[in-house]
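Please open the model in your viewer and keep the selection panel at hand. The tour below goes from one selection to the next and says what is to be found at each stop.

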Amino acid sequence: MFILIVVVFILSFYKLDYYIMKPGNAYDVSRFVSVQNGDQNDEGSFSLMTVSMATATPITYAIAYFKEFEEIMEMNQVRQEEEDEKEYSVRQLTLMSDSQFNAMYVAFKKAKLPYTVNYHGITVLNILSGGAADGKLEPGDEIVEVDGKVINRADDLTKVLGLKKENEEVHFVISREDQLIDQSLSMKTIPGTDRVGIGITYSEKKTIQTEPRVNANTEDIGGPSAGLMLTLEILNQIVDKDITKGYTIAGTGEMNEDGSIGRIGGIEKKVVAANEDGMEIFFAPDDEITEEMRVHNPSIQSNYEAAVKTAKKIGTKMKIIPVKTIDDALEYIEQLPEKG
């Protein structure tokens, strides 16, 4: 009996070096976003899509192997090179924060309403093993100063470090868990290159002040893929009409500052989830597949192509709509008749 218990425990809880990705759910974006005095009396809805991602155990691995829309993924398919669990988590939250910023920026720009962008330094995402920052900086650190110069934007950091030579000492002030910390390190050749640097990847930390104010609570949603639907929901609340026209509209795609919509992962699972949750329309990024991308992956498809293929496979009546920009999505909705 004891051996049986041990075996069951191992099969259920022992973590493998794989992830399992499967369909998540559709979430009405108005649950996460509200605009001060905004219009929320709409008949339809905009929903963001999620996938469920978890570290595989022997049991979940076996189940996923036989399920069509559950995908077994190796670590290097999910994490970047040398990225550990903490760095992955920091990167996903940073991508979501950037997506939220871009959604507000694009929505208010489209609506011609006032906004102000503020820059607050640099967030460390990944630290290269053997690089100058290894053991000195941590994922999530915010770089506040370098050699006494305040760092607000990525250009500020590039200019300061660009003047440094190998073995030259650099003094940082970083914010870690709301505490300011002094840290010094010596410039080194970046592993795998012939360039001198500190060996990190990073993101600009920036915020946007809008009028009216937008409250967003998206901390539990990692990654950038909710950007398109966040943008549409913010627009829907700041303009004096129901953009949804009464339809249940889902979709996915990274929102860029210029209004273009970027490719995302797991779109097949999101189509399945949207169908199961009764969505009527699904916006899919119509991204360009370059020849270089085909060389590395001959079977690669655009998000839209993969979404259409999945929709046919599951026999859904949900309409799959290709979008390259926020304007594509708005123009499609505009031509829809009001749902009676």
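**A tour by selection**

Begin by selecting glutamate 177, which is found in the loop between β8 and β9 (179-186). This is a predicted model, and in it glutamate 177 is exposed, with a relative accessible area of 74%.

Next, select asparagine 37, in the loop between β2 (33-35) and β3 (45-55). Here too phi is positive, about 60 degrees, although asparagine 37 is not a glycine, and at 79% relative accessibility the residue counts as exposed. For the backbone, a further stop is the pair glutamate 211 and proline 212, which are joined by a cis peptide bond with omega of about 10 degrees; proline 212 lies in the loop between β12 and β13 (214-216). As background to these stops, most residues other than glycine have a negative phi, and most peptide bonds are trans.

Now display helix α5, residues 154-162, and colour Ala154, Leu157, Val160 and Leu161, which are buried. If you look down the axis of α5, the buried residues fall within an arc of 135 degrees, so they line one face of the helix. The face turned away from that buried side carries the exposed residues Asp155, Lys159 and Gly162.

Show its side chain together with that of glutamate 257, as the two make a polar contact at 2.7 Å. Leaving aside residues up to four places away in sequence, lysine 206 touches Phe101, Asn118, Tyr119, His120 and Glu257.

Finish at the second largest pocket, which holds about 710 Å³ of space. Of the 30 residues that line this pocket, select Leu93, Thr94, Ser97, Glu142 and Lys205, which are the closest to its centre. The elements α4 (85-111), β8 and β12 each supply at least two residues of the lining, and the largest share, 11 residues, comes from α4. Coloured by residue class, the lining of the second largest pocket divides into 9 nonpolar, 9 polar and 12 charged residues.

Key
Residues are numbered from 1 along each chain as its sequence is written. This is a predicted model: local features need pLDDT of at least 70, side-chain atom pairs count only at pLDDT 80 or more; totals for chains, interfaces and linings use all residues. Side-chain values use heavy atoms; hydrogens and water are left out. Buried means under 20% relative accessible area, exposed over 50%, partly exposed in between (1.4 Å probe, protein chains only). Helices (H or I, at least four residues) and strands (E, at least two) are DSSP runs, numbered from the N terminus. The arc is that of the directions from the helix axis to the C-beta atoms. A polar contact is a pair of N or O atoms within 3.5 Å; within protein, one must be able to donate a hydrogen and the other to accept it, and residues adjacent in sequence count only if both atoms are side-chain atoms. Contact means heavy atoms within 4.5 Å. On a 1 Å grid over the protein atoms alone, a cavity is a set of points where a 1.4 Å probe fits but cannot get out, and a pocket is an open set with protein on both sides within 12 Å along at least five of seven lines; lining residues have an atom within 4 Å of a point. Grid points are joined across faces, edges and corners, and a volume is the space filled by probe spheres set on the points. Ala, Val, Leu, Ile, Met, Phe, Trp, Tyr, Cys and Pro count as nonpolar, Asp, Glu, Lys and Arg as charged, and the others, Gly among them, as polar.
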